[in-house]
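Please read the points with the model open beside you.

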Amino acid sequence: MEEIILAVDLGGTNVRIATVNPQGKMLGKLSFPTEVSRGRERVVEDILSRIQGFLHGFPSGEFEVIGGGFGIPGAIALDRGIISQSPNFPGWEDFDIRSRLQKGLRMPIFIENDANAFSLGEGWLGAARGVKDFCCLTLGTGVGGGIVLNGDIWHGTEGKAGEIGHMVIAVDGPPCHCGSRGCLEVFASGSAIRRMAIEAIEGGERTELVERCGDEIKDITAKTVSESARGGDRLSRRVFQQMGMYLGVGLVNLVNLLNVQLMIIGGQVSEAWDLFIDSVREELEKRTVGSLGKGVRVEKARCGDDAGILGAAYLVKREFEKHKRRR
Ligand SMILES: [Zn+2]
């Protein structure tokens, strides 16, 4: 009988389900829209029935599902298995999701914040394989983060640690949705790139970016800015250099604080790697204290879209290995 793990990446837009073996090989995958607006109960019911249908493809005579790992956006109170804060899923606060899934699926369930799951995935099979201390940043619409120390996620007192995106980089910077100003997220996310480009255009700078978007400034996205930058557009190139500078300052703070030597950058914006990485490295060289910056590597995430799902699977694998050792 082959042991397999159910792994789920519960995103604001899509739910991704997979079966993964303990070596990290993905055996099957399924993805469907989350439809958060239908409310918590409907979403959970939908997820449970999709999983049950999906697992039919792995007959119980041949496969044994040893547990389910879930990556979930928001803060998780791990001791109680509840979602304690959930900006992307309104109404999911204080929801005992672990018990609900355990009951519905009749298997041990392990949950983790999605950015943390991403970090565990990269640690298990990606760019941080074999490294015990590292930080992960995901640059998407926002900036997510995970801090791994001594091989495990640093959760903090309430399980909310790792808000790297809300590290303050500029005290008087643009407002952030978290209520603060000048967070890393308002400089290094996809929305930040869009904002910086639009501000420069409104300031009267010339750029081919406007033409690329059919004269509709509102249609500018991080992707169009990166395309323009690759085409040599000065404004677009500068936006990415700026973004890289701020990102570099964020990494400097992490290095100075934690003395970690590996930084993993993932998420959609990391596709523009060559446009910002030199600026990131320049700040690290300039600003780290003493010799702290020596040997620090900044690397692109390697598991792509699968990092979160692999990290969710790793939660289960890790627990089972602990049990095996105890036996
Ligand atoms: Zn913030």
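1. Salt bridges, overall. This is a predicted model. The count of salt bridges comes to 24.

2. Glu158 and Lys160. The side chains of Glu158 and Lys160 form a salt bridge, with N to O at 4.0 Å. Glu158 is exposed, at 55% relative accessibility. Lys160 is partly exposed, at 32%.

3. Glu227 and Arg212. A salt bridge also joins the side chains of Glu227 and Arg212, at 3.6 Å from N to O. Glu227 sits in helix H7 (residues 222–230) and Arg212 in helix H6 (residues 209–212), so this pair ties together parts 15 residues apart in sequence. Glu227 is partly exposed, with a relative accessibility of 34%. Arg212 is partly exposed too, at 37%.

4. Glu299 and Arg297. Here the closest N and O atoms of the salt bridge are 2.7 Å apart. Is Glu299 buried or exposed? Glu299 is buried, with a relative accessible area of 17%. The cut-off matters for this residue: buried means under 20%. Arg297 is partly exposed, at 38%.

5. A salt-bridge network. Some bridges share partners. In this way Asp9, Arg16, Lys29 and Asp306 are joined into one network.

6. The zinc site. Which residues hold the zinc ion? Its protein donors are His166 through ND1, and Cys176, Cys178 and Cys183 through SG. The angles between the four donor atoms run from 104 to 120 degrees, so the arrangement is tetrahedral. For that label, all angles must lie between 85 and 135 degrees.

7. Zinc donors along the chain. The donor residues follow the spacing H-x9-C-x1-C-x4-C. His166 and Cys183 both lie in the loop between strand S10 (152–153) and helix H4 (185–188), so the pair ties together parts 17 residues apart in sequence. How accessible is His166? His166 is partly exposed, with a relative accessible area of 21%. Cys183 is buried, at 0%.

8. A search of the whole structure finds zero disulfides. Take Cys303 as a case. Its nearest cysteine sulfur belongs to Cys136 and is 9.2 Å away. A disulfide needs the two sulfur atoms within 2.5 Å, so Cys303 is in none. Cys303 is buried, with a relative accessible area of 13%.

9. The fold as a whole. The chain has ten helices and twelve strands. Its radius of gyration is 21 Å, close to the 20 Å that the globule rule gives for 327 residues, so the chain is as compact as a globular protein of that length. Along the principal axes, the C-alpha atoms fill a box of roughly 65 × 50 × 35 Å.

10. Burial and contacts. What share of the chain is buried? Buried residues make up 53% of the 327 residues. Now consider contacts between residues at least 6 apart in sequence. Of these, 62% join residues at least 24 apart.

11. Pro73. This proline is in the loop between strand S4 (63–72) and strand S5 (75–77). Pro73 is buried, with a relative accessible area of 4%. Which residues does Pro73 contact, leaving aside neighbours within four places in sequence? They are Leu10, Ser86, Asn88, Phe89 and Asp114.

12. Arg106. Phi of Arg106 is near 50 degrees, a positive value in a residue other than glycine. Arg106 is placed in the loop between helix H2 (97–105) and strand S7 (109–113). Arg106 is exposed, at 77% relative accessibility.

13. Asn150. Phi of Asn150 is near 50 degrees, again positive in a residue other than glycine. Asn150 lies in the loop between strand S9 (143–149) and S10. Asn150 is exposed, with a relative accessible area of 58%.

Methods
Residues numbered from 1 in each chain as written. Predicted model: local features only at pLDDT ≥ 70, side-chain atom pairs only at ≥ 80, totals over all residues. Heavy atoms only, no water. Donors = N, O, S within 2.8 Å, 3.2 Å for Na, K, Ca; no water. Tetrahedral: all angles 85-135°; square planar, octahedral: opposite > 155°, others 65-115°. Helix = DSSP H or I, 4+ residues; strand = E, 2+ residues; numbered from the N terminus. Buried < 20%, exposed > 50% of the residue type's maximum accessible area, 1.4 Å probe, protein only. Rg over C-alpha atoms; globule rule 2.2 N^0.38 Å. Contact = heavy atoms within 4.5 Å.
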